[in-house]
Amino acid sequence: MGFYTGDLPVSSVLSAKADVSDEIKETIKSIKKINFVFLPKTANNTAAYEVEKGKLTNIFKDNNVYRSLMSMKAKGMNVNIYYSGDTENVDEVIAFGYGDTAGVGVARLLGKNMNPAKILTTLKSMDFDGDNAALKQFSKMFNK
């Protein structure tokens, strides 16, 4: 149906700036890998996009496993971050996002004893600008 799936080592997408704290470096080490599934939206799959977006929205809205950590809108995407477990020792963080031009997808951060608040702080300190070569390579997979 046009889904992309895969596993990524954390180092291929997240790299700490040289001047970050040891706490941020430890947080990065607590994340072992990232699983993702993504459906790019095209002119030919609008119905499939809407169905998958609806399914995922319902899964995260009506569940007892994942707790909402934050929601945001960025660059035409709606992104919701969830976690499972207790707030001090999380083993899974989920990012669910969708946008009318990009598509819909879910990414799972898997690790050991991750702290959601520290992960948010870490993500804010990451280098996600246009010069990130690894992120550019990753995004090429979705551009046809």
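This is a predicted model: local features need pLDDT of at least 70, side-chain atom pairs count only at pLDDT 80 or more; totals for chains, interfaces and linings use all residues.
Residues are numbered from 1 along each chain as its sequence is written, and side-chain values use heavy atoms, with hydrogens and water left out.

The chain holds four helices and six strands, taken as DSSP runs (helices H or I, at least four residues; strands E, at least two) and numbered from the N terminus. Along the sequence they are arranged as β-α-β-α-β-β-β-β-α-α. Of the 144 residues, 40% are buried (under 20% relative accessible area, with exposed over 50% and partly exposed in between; 1.4 Å probe, protein chains only). Carbon and sulfur atoms account for 54% of the accessible surface of about 8700 Å² (Shrake-Rupley method, 1.4 Å probe; for residues, only the protein chains shown count as cover).

Helix 1 spans residues 22-30, and its buried residues include Ile24, Thr27, Ile28 and Ser30. These lie on the same side of helix 1, because they cover an arc of only 155° around the axis (from the directions from the helix axis to the C-beta atoms). Asp22 and Lys29, on the other side of helix 1, are exposed.

Asn80 belongs to strand 4, residues 77-86, and counts as buried because its relative accessibility is 15%. Beyond its neighbours within four places in sequence, Asn80 is in contact (heavy atoms within 4.5 Å) with Met70, Ser71, Ile94, Ala95 and Phe96.
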